[in-house]
Amino acid sequence: MVQGMALSGVSRTFAGGVGVHGVDLDIDAGQVHALVGLNGAGKSTLMKVLLGMLRPTSGSARIAGVPVRSAGAGVWSRVGHLVEGPLVYGEFTVRGNLEMSAALHGVPRPRRAELVDRGVVEFGLQPYTHRRARSLSFGNKQRLALAAALHHDPDFVVLDEPTTGLDPAGTILLRERVRRCAGEGAAILISSHHLDEVSRVADRITVINEGRLIGRLEPRGAELEQAFFALVLADDERRRAGEEAAS
Amino acid sequence: MSGGALRAAVAVELRKSVRARVPLVAAALLVLGVVAISASAIAAVNAGPPEVLAKLGPVVGGGGWAGYVDAALQVTGAAGAGACGILISWSFGREFSEGTIAGLFALPVSRTAVAAAKLVALFVWTACVTASLIAVLLTAGLLVGLGPPTATDVGVVVGRIPVLLLATAAMTVPAAWVSTITRGLMGGIATTVVLLASAQVIVFSGGGAWFPPSAPALWALAPSPSTLVTLLWSLLFPAAAIILTVVSWHRLQLDR
C-alpha cells in the first residue's frame, strides 16, 4: 500500500494565539481530500506545515511516511504544490517556465520536453506557449502555475484554492487533471471556497474552523452548503459556551 | 546539497539573468557609465581649465591613458558596488516581493542550492560585465584619440579591473542577507546605499584601510603588499555574509 500524507497532532500558533491546534489528518493515496473552511480557518497554515514552509510548534507532518523535516530530494521530487504564490517568472515564456519548473522538480533532461508539451496541452496553454508570463492574464497565469505544479506526475499534491482566477473551462481542465492524478494513485490535498466544485472533485471533505478540524461532509450529499454552515455554527456556539464557562 | 541540484539551480538563475531586464540594464549602465565618465574626465583634462585639473587629482589630471584608466578604476569601484548591490537585492528580494518564494519550497532542489546558485549567477554576471567593460574601455580610449595604449596601461586594465569588480561584487553580498530577512528588495538596496556611502565617507576622511567595502578600490588604485593584505582580509566580510544568507535560506519559514 502506497503511503499518503499525514499530519499528527500538529499545532502551529502565531502571535495572538491564532493558528492550528492539535490537527490529525490523513490524506490517502489515490484520494482527493478537500479541506474547507472560512477565511482564516487555518487551511493554508496546515498546507504550509505539510510542505515544510512552516515548522509546527508541536506534532509532525509526514509524506510517504517520511517526516517532512528530514525529507530529502527523493521525497520532494514526488511532490507538486501550489500554495500562496505560483512558481512563475514574468521574464520566461510559458514554455520556459514549465522547463524551469521541470528542472527544479528533478525531471531528467530527456523527459522534460515531453512533460512540458503535455502540461501545455492539459491546461489549454497552446496559444500562449511562446508568450512571456508577464503578459498573460491572471487566469492564464493560474493555468500555467497549475501546469508547473503538476506536469511531473507527482504522487503527492497540495493545492491551495487552485480555482482562483480560473474560468469555467479552466476549472474543468483542473478537475480532470486532479481526478487523473488520483486515478494514478496520488494523494491529493486541496482547499477551496467553492463547495460545488469540491463536491465534484473530492473523495473526502474535512471542515476546519478556528484552527481545528470539526467534522466531515459527504461529498455527494445534498445541501452541502447548509451542512457546512451547520457544522461551523455548532462549533462556534460550542466554543463560545466553553469560553463563557471558563470565565 | 547534491551537485545535480546545484547545477539545475545555477542553470535556472543564469537563465533569469539573461531573460530579465534588471541584469541587462544594470550591466549596460555600469559599462557605459564607467566609460562615459572616464572619457568625460579626459575630455575635461584636454580642455584644460586649471581648476578642473586640480579637482581631478594628479593622475587623472595628467591625462593620457594613465589618467583615463585611473578615472575608470575610481568610477568602477563605486559604480560596481551600486550595480552589484541592486542586482543581488533584486535576485533575492524578488522571490519574496513577487511571491515565488513559496514555489521554491518542497522541491528536490533545496533552498540552500537556490541561494548558492544566486550567488554563483552574481559572480558569472560580474565576470561577463568585467570582460565587456575591459573591451569597451580600451576601444573607447582609442576612439577618443588617446592613441595606442602601452603594455603597462593594458596590464592595469586587464589585471586590476577583474579583481576590483569581483571583490566589489563580493562586498555587496550582505544585501542578499538583508533582502532575505526583510523579505523584499528594498532592504537590500538600502544596505547597498549604506555600504557605498560609508565606504566613500571613510575613504575621503582618510580611513578605509580597515573597512572591507573600501578595500577593493583602495587596492586597485594603489596596489601594494599592504593593500593586498587588507583586500584579502576584507574577504572575510562577504564570506560571513554568504554563510548568513545560505543559512537563512535553509531555515526559512513563510511565517510573515
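Two strands are taken to pair if DSSP finds at least two bridges between them. The structure described here is a predicted model. Its scores are ipTM 0.93 and pTM 0.93. Chain B has a mean pLDDT of 92, with 94% of its residues at 70 or more.

In chain A, four strands form an open sheet. Their order is E2-E1-E4-E5, and the pairing is antiparallel. Strand E2 (19-27) and strand E5 (66-67) of chain A are the edge strands, each with pairing on one side only. Strand E1 of chain A covers residues 5-13 and runs antiparallel to E2(A). Six bridges join these two strands. Within this pairing, A:Ala6 lies opposite A:Asp26 of E2(A).

A parallel pairing also occurs in chain A, between E6(A) and strand E7 (residues 156-160). Four bridges connect E6(A) and E7(A). One of the residues involved is A:Gly80, whose bridge partner in E7(A) is A:Val157. E6(A) is covered on both faces. A:Val79 and A:His81 are buried on one side. A:Gly80 and A:Leu82 are buried on the other. In general, strands of a sheet pair through backbone hydrogen bonds, either parallel or antiparallel.

E6(A) also takes part in the contact between the chains. That contact draws 24 residues from chain A and 23 residues from chain B. H3(A) supplies the largest share, three residues. By class, the side of chain A that touches chain B comprises 14 nonpolar, six polar and four charged residues.

In chain B, helix H4 spans residues 64-97 and has 34 residues. From its first C-alpha to its last, H4(B) reaches 47 Å. This is close to the 50 Å expected at 1.5 Å a residue. Of its 34 residues, 29 are buried, so H4(B) is largely enclosed by the rest of the structure. Burial here requires 20 or more other C-beta atoms within 10 Å of a residue's own. Just after H4(B), B:Gly99 adopts a positive phi of about 80°.

Conventions: Residues are numbered from 1 along each chain as its sequence is written. Chains are lettered from A and ligands numbered from 1 in the order in which they are written. This is a predicted model: local features need pLDDT of at least 70, side-chain atom pairs count only at pLDDT 80 or more; totals for chains, interfaces and linings use all residues. Two residues are in contact if their C-beta atoms, placed from the backbone, lie within 7 Å. Ala, Val, Leu, Ile, Met, Phe, Trp, Tyr, Cys and Pro count as nonpolar, Asp, Glu, Lys and Arg as charged, and the others, Gly among them, as polar. pLDDT is the predictor's confidence in each residue, from 0 to 100. The expected span of a helix is 1.5 Å times one less than its number of residues. A residue is buried if 20 or more other C-beta atoms lie within 10 Å of its own, exposed if 12 or fewer, and partly exposed in between; C-beta atoms are placed from the backbone.
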